[in-house]
Amino acid sequence: MILGDPSFLAAVRHDEARRLKKIQVESALLADRKNLVNLSEILTKELMPSVMEKMDVCDCPLCTANVLALTLNALPARYVTSDTGKQYTQLEVYKKQYELDVMSALAKACMRVRSAPMHEPIED
Ligand SMILES: [Zn+2]
């Protein structure tokens, strides 16, 4: 490589611009993390306690985490990036449309965890 070569200089400038862009995007992601939420996850967590109780599924931390993971994997993620006030409105709209889907995914997850819990055997 030759320092006076214009294409070399252009390549260096390009790398530098890309490095700055990466830093900018990374810090924007950090700053905005709290504004990015998955409505499916919020609604699932809201409905979990009552569905788990009705389905009589073990509520140890492992089984609870498994119910959450199975349910969220079965549902499409619905991310929103707005502020908290607007998120509340979006959640209400989402709830009306998808509450039954979330309930049904939760019930299926509960049945799976209940029939094959991954916790250590519990002595009664
Ligand atoms: Zn358990």
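User: What distance separates the centres of domain 1 and domain 2, taken over C-alpha atoms?

Analyst: This is a predicted model, in which local features need pLDDT of at least 70, side-chain atom pairs count only at pLDDT 80 or more, and totals for chains, interfaces and linings use all residues. Residues are numbered from 1 along each chain as its sequence is written. The domain assignment gives domain 1 (1-34) and domain 2 (36-115), with bounds that come from an automatic or database domain assignment. The centres of the two domains, taken over C-alpha atoms, are separated by 40 Å.

User: Is H2 parallel or oblique to H3?

Analyst: Helices here are DSSP runs (H or I, at least four residues), numbered from the N terminus. Axes are lines fitted to C-alpha atoms over the stretch in contact, and angles run from 0 to 180 degrees between N-to-C directions. The axes of H2 (residues 39-54) and H3 (residues 61-74) come within 10 Å and cross at roughly 130 degrees. Angles under 35 degrees count as roughly parallel, over 145 as roughly antiparallel, 65 to 115 as roughly perpendicular and the rest as oblique, so H2 and H3 are oblique.

User: Which residues of H3 does H2 meet?

Analyst: Contact requires C-beta atoms, placed from the backbone, to lie within 7 Å. On the H2 side the residues are Ser 40, Glu 41, Thr 44, Met 48 and Met 52. Their partners in H3 are Val 67, Leu 68, Thr 71 and Leu 72.

User: How many nonpolar residues does the contact of H2 with H4 have?

Analyst: The axes of H2 and H4 come within 8 Å and cross at roughly 50 degrees. The H2 side includes Leu 39, Leu 43, Leu 47 and Val 51, and the H4 side includes Leu 91, Tyr 94, Val 102 and Leu 106. Ala, Val, Leu, Ile, Met, Phe, Trp, Tyr, Cys and Pro count as nonpolar, Asp, Glu, Lys and Arg as charged, and the others, Gly among them, as polar. By class, the contact has three polar, two charged and 14 nonpolar residues.

User: What is the handedness of the crossing of H3 and H4?

Analyst: The axes of H3 and H4 come within 8 Å and cross at roughly 135 degrees. A crossing is left-handed if the near helix is turned anticlockwise from the far one by less than a right angle, and right-handed if clockwise. The crossing of H3 and H4 is right-handed.

User: Is Asp 56 buried or exposed?

Analyst: Asp 56 is found in the loop between H2 and H3 and has a positive phi of about 55 degrees although it is not a glycine. A residue is buried if 20 or more other C-beta atoms lie within 10 Å of its own, exposed if 12 or fewer, and partly exposed in between, with C-beta atoms placed from the backbone. Asp 56 has 9 other C-beta atoms within 10 Å and is therefore exposed.

User: How far apart in space are Asn 73 and Ala 109, C-alpha to C-alpha?

Analyst: Asn 73 is found in helix H3 and is exposed, with 10 other C-beta atoms within 10 Å. Asn 73 and Ala 109 are 36 residues apart in sequence. Their C-alpha to C-alpha distance is 9.9 Å.

User: What distance separates the C-alpha atoms of Glu 99 and Ala 17?

Analyst: Glu 99 is in helix H4 (residues 84-115) and counts as partly exposed, with 13 C-beta neighbours inside 10 Å. Along the chain, Glu 99 and Ala 17 are 82 residues apart. Their C-alpha atoms are separated by 46 Å.

Terms used:
Helix = DSSP H or I, 4+ residues; strand = E, 2+ residues; numbered from the N terminus. Contact = placed C-beta atoms within 7 Å.
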